[in-house]
Amino acid sequence: MGGLELGDKRRTKRLVSLMENLSNSPRASIPSASEGWAETKAAYRLLSNGAVDPMELLACHAGKSEHRAQGHPVVLCIQDTTELDFTSQPGIAGLGRLSYEAQHGLYAHLTLMATPQRLALGVMDAWL
């Protein structure tokens, strides 16, 4: 996320820390990847901050991904749609129906850049 300015050095530092934690544990949730409750709470506070634009974060990441791709002769752009199922958490507003009526959540449509050797270079695009 180098080069991204969030209007406050503390926000930028928190974002870098969060991205490092999630990169070290890519399958972990934010609480699992964080080092304690204070760090978890700070991550959620950052992500809910109106000054942090998710599309700006994605654009920065996608630019870095494209830069990494330049060093590879073949890069695959793999599209995927994933269901994010929040049925067990009924208090979340704005969710829609998923595969069947009783299931609620949202769909994430992602485009991942990777080499044929399965080296992930990053996400190019993401829509919810």
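## Report on a predicted single-chain model

The accessible surface of the chain amounts to about 8900 Å², and carbon and sulfur atoms account for 55% of it. The structure is a predicted model. Of the 128 residues in the chain, 24% count as buried. The C-alpha trace spans about 45 × 40 × 25 Å along its principal axes.

### Overall architecture

The chain contains 4 helices and 4 strands. Read along the sequence, these elements follow the pattern α-α-α-α-β-β-β-β. Among contacts between residues at least 6 apart in sequence, 48% join residues at least 24 apart. As for charge, the chain carries 12 positive and 13 negative side chains, and the centres of the two sets are 8 Å apart.

### Helix H1 and its packing against H3

Helix H1 covers residues 9-24 and helix H3 covers residues 37-47. The two helices pack at an angle of about 115 degrees, and their axes are 10 Å apart. Their crossing is left-handed. On the H1 side, the residues that meet H3 are Arg11, Arg14, Leu15, Ser17, Leu18 and Asn21. Their counterparts in H3 are Glu39, Ala42, Ala43, Leu46 and Leu47.

Leu15 and Val52 are 37 residues apart in sequence, with their C-alpha atoms 9.7 Å apart in space.

Asn21 is also found in H1. Its relative accessibility is 12%, and Asn21 therefore counts as buried under the 20% limit. Leaving aside residues up to four places away in sequence, Asn21 touches Ala33, Ser34, Glu35 and Glu39.

The C-alpha atoms of Glu20 and Gln89 are separated by 28 Å, the two residues being 69 positions apart along the chain.

Which residues does Ser65 contact beyond its neighbours within four places in sequence? Ser65 is found in helix H4, which covers residues 54-69. With those neighbours set aside, Ser65 is in contact with Met113, Leu121, Gly122 and Val123. Strand S3 runs over 104-114 and strand S4 over 120-127. Ser65 is buried, with a relative accessible area of 0%.

His72 is placed in the loop between H4 and S1. This histidine has a relative accessibility of 27% and counts as partly exposed. Not counting residues up to four places away in sequence, His72 touches Thr115, Leu119 and Leu121. The C-alpha atoms of His72 and Ala114 lie 9.6 Å apart, across a sequence separation of 42 residues.

### The strand region

Asp80 has its place in strand S1, residues 76-85. At 40% relative accessibility, Asp80 counts as partly exposed. Its contacts, apart from residues up to four places away in sequence, are Ala108, His109 and Leu110. For Asp80 and Ala108, 28 residues apart along the chain, the C-alpha separation is 8.0 Å.

Arg118 is found in the loop between S3 and S4. Is this residue buried or exposed? Arg118 counts as exposed because its relative accessibility of 78% is over the 50% cut-off. In its backbone, Arg118 has a positive phi of about 75 degrees although it is not a glycine.

### Sequence separation and distance in space

The table sets out the residue pairs discussed above, with distances taken from C-alpha to C-alpha.

| Residue pair | Separation in sequence | C-alpha distance |
|---|---|---|
| Leu15 and Val52 | 37 residues | 9.7 Å |
| Asp80 and Ala108 | 28 residues | 8.0 Å |
| His72 and Ala114 | 42 residues | 9.6 Å |
| Glu20 and Gln89 | 69 residues | 28 Å |

Definitions and conventions:
Residues are numbered from 1 along each chain as its sequence is written. This is a predicted model: local features need pLDDT of at least 70, side-chain atom pairs count only at pLDDT 80 or more; totals for chains, interfaces and linings use all residues. Side-chain values use heavy atoms; hydrogens and water are left out. Buried means under 20% relative accessible area, exposed over 50%, partly exposed in between (1.4 Å probe, protein chains only). Contact means heavy atoms within 4.5 Å. Accessible areas come from the Shrake-Rupley method with a 1.4 Å probe; for residues, only the protein chains shown count as cover. Lys and Arg count as positive and Asp and Glu as negative; His and the chain ends are not counted. The place of a charge is taken as NZ of Lys, CZ of Arg, CG of Asp or CD of Glu. Axes are lines fitted to C-alpha atoms, for helices over the stretch in contact, and angles run from 0 to 180 degrees between N-to-C directions. A crossing is left-handed if the near helix is turned anticlockwise from the far one by less than a right angle, and right-handed if clockwise.
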